[in-house]
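Please open the model in your viewer and keep the sequence panel beside it, so that residues can be selected by number. The tour goes from one selection to the next.

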Amino acid sequence: MLPGLDGTGRLSVPFLGALRTGGLDARVLALPSVGAQDYRTLAEVVRPQLPAQPFVLVAESFAGPLAVELAAGLLPGLRGLVLCTTFARRPVPLPPAAAMALALAWPMPPLPLLARLLLGQWRTGEHTSMLRDALAQVPATTLRQRAAATLRVDVRALLPQIGVPTLCLQAGHDRLLWPPSVAELQTLLPDARHVALDGPHLLLLACAEPAAAVVAGWVRALPATG
C-alpha cells in the first residue's frame, strides 16, 4: 500500500489490520520524508521496493497518481490496482500556477479544521489523534511539496496503459476532492470496478472494515496466475 499525503502509513493501520484479519498479507511502503516530493521522483524511489512475487498495489489519495505512474510501467508482479479516494490530475479547483506559492508558504490548517474536512461526521478522538500523530512525523516543507505536486500532476494519458484489473473506491462524503476530478477518473477508467462507500475522504481510516471487505473480496476474485 502507498499511503496518502502524510506518507507514513500510520493512518492505514486499521485498514491493513482488517485485511490481515481477512487472511491477506498487507504492508505499507512509506514515502521518503525528505528530498524531492514530485511524483516522478517518488516513483523512482518506490519502484525498487515493490515485490517480485505477485502483488496488488493499493494507493490512497495523494498516492493515486504515483500508483498510476507505476502501474503504467513494466511491473511484472503487478496483478491488480486499487485506487482509493484519489485523482488523475489536480484534486482541488486551484490552477497549476498556484503550486509554487503552495510549496513555499502553504500554512498547515488547524487540526480541528483538518479533521472536519478529512473525516466529517466520522471524526472521533482516536481518529483525530491518529491524524495529528501522522502529520507530526513529517516536516512541514515535505507536506507543502506534496500538496504542490498534486496541482502539477496529470496522469490521465497513462490510464489507458494500465493493463491489470482496477478497483476504484470513492467516499460518498468526500469533502476534499473536487467532484469533477472524481467523475473524470470514473470516465477515464470505464473498465474498472467503481465502488462508493458511505464515508469521508480518509475512508480507509474511518471505514476500515467495510473498505477492507470490498478490497479483499475483489482481490480474491482476481484471475489466477500461472
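Predicted model: local features only at pLDDT ≥ 70, side-chain atom pairs only at ≥ 80, totals over all residues.

Residues are numbered from 1 along each chain as its sequence is written, and side-chain values use heavy atoms, with hydrogens and water left out.

**Stop 1: the core**

Select Phe15, Leu19, Leu131 and Leu169, which touch the most other members of the largest nonpolar core, a set of 40 residues. A nonpolar core here is a set of buried Ala, Val, Leu, Ile, Met, Phe, Trp, Tyr and Cys residues joined through side-chain atoms within 4.5 Å; buried means under 20% relative accessible area, exposed means over 50%, and partly exposed lies in between (1.4 Å probe, protein chains only). Among the elements that each supply at least two residues of this core are helix 1 (13-21), strand 2 (78-84), helix 6 (125-136) and strand 3 (166-171), and the largest share, seven residues, comes from helix 10. Helices (H or I, at least four residues) and strands (E, at least two) are DSSP runs, numbered from the N terminus.

**Stop 2: helix 6**

Select helix 6, whose 12 residues reach 16 Å from the first C-alpha to the last, close to the 16 Å expected at 1.5 Å a residue; the expected span is 1.5 Å times one less than the number of residues. Colour its buried residues, which are His127, Thr128, Met130, Leu131, Ala134 and Leu135. Why do they lie on the same side of helix 6? They do so because they cover an arc of only 160 degrees around the axis, the arc being that of the directions from the helix axis to the C-beta atoms. On the other side of helix 6, Gly125, Glu126 and Ala136 are exposed. The cover over the buried residues includes helix 1, helix 5, helix 7 (140-152) and helix 9.

**Stop 3: strand 3 and its partners**

Move to strand 3, where six of six residues are buried: Thr166, Cys168 and Gln170 lie on one side, and Leu167, Leu169 and Ala171 on the other. Strand 3 pairs with strand 2 in the parallel sense over four bridges, and it runs parallel to strand 4, to which five bridges join it; two strands pair if DSSP finds at least two bridges between them.

Cys168 is in no disulfide either, as the nearest cysteine sulfur, that of Cys84, is 9.7 Å away. With a disulfide taken as a pair of cysteine sulfur atoms within 2.5 Å, the count comes to zero.

**Stop 4: two loop residues**

Finish with Ser61, in the loop between strand 1 (55-60) and helix 3 (64-71), where phi is near 50 degrees, a positive value in a residue other than glycine. Then select Thr85, in the loop between strand 2 and helix 4 (98-105), whose phi is near 40 degrees.

Notes
Contact = heavy atoms within 4.5 Å.
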